[in-house]
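This briefing goes through one model for a reader who works with computed structures. Please keep the structure in view while reading the points grouped below.

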Amino acid sequence: MDTVTLVDLGAHFSYHPTYVSNLLKKETGRTFTSILRELRMTRATALLTGTTLSIEEIAAMLGFASSSNFYKAFKEEYGMTPREWMARKRF
């Protein structure tokens, strides 16, 4: 799940990626990107809490091109950086 693409998803179900994209939007009201981002952020919080992996390792595991992209996405989702989130969850 962490590094899945729309092309991968389409190939898995033997559909064109555009068809899968349109079907997801029609059935869920959400884009593939927004669904994937939500899943990645949920997994990120679990990894930040339940492992000793570094933030950079988690970002790579989740398929982010760089840790700065991960920081930006995390802050947009939760209103704080991954480090701030970890500090709050420890107490």
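A residue is called buried when its relative accessible area is under 20%, exposed when that value is over 50%, and partly exposed in between, using a 1.4 Å probe and protein chains only. At 14% relative accessibility, Thr45 therefore counts as buried. The model is predicted, with local features requiring pLDDT of at least 70 and side-chain atom pairs pLDDT 80 or more, while totals for chains, interfaces and linings use all residues. Residues are numbered from 1 along each chain as its sequence is written, and side-chain values use heavy atoms, leaving out hydrogens and water.

**Thr45**
- Thr45 lies in helix α3, residues 32-50, where helices are DSSP runs of H or I with at least four residues and strands are runs of E with at least two, numbered from the N terminus.
- Its side chain reaches the backbone oxygen of Thr42 at 2.8 Å.
- Leaving aside residues up to four places away in sequence, Thr45 touches Phe74, Tyr78 and Trp85, contact meaning heavy atoms within 4.5 Å.

**Helices α1 and α2**
- The axes of α1 (residues 6-13) and α2 (residues 17-28) come within 8 Å and cross at roughly 95°, these axes being lines fitted to C-alpha atoms over the stretch in contact, with angles from 0 to 180 degrees between N-to-C directions.
- The two helices α1 and α2 are therefore roughly perpendicular, a class that spans 65 to 115 degrees.
- Leu6, Val7, Leu9 and Gly10 of α1 meet Pro17, Val20, Ser21 and Leu24 of α2.

**Whole chain**
- The chain has six helices and zero strands.
- Of its 91 residues, 27% count as buried.

Definitions and conventions: Parallel < 35°, antiparallel > 145°, perpendicular 65-115°, else oblique. Polar contact = N/O pair within 3.5 Å; in protein donor to acceptor, adjacent residues only side chain to side chain.
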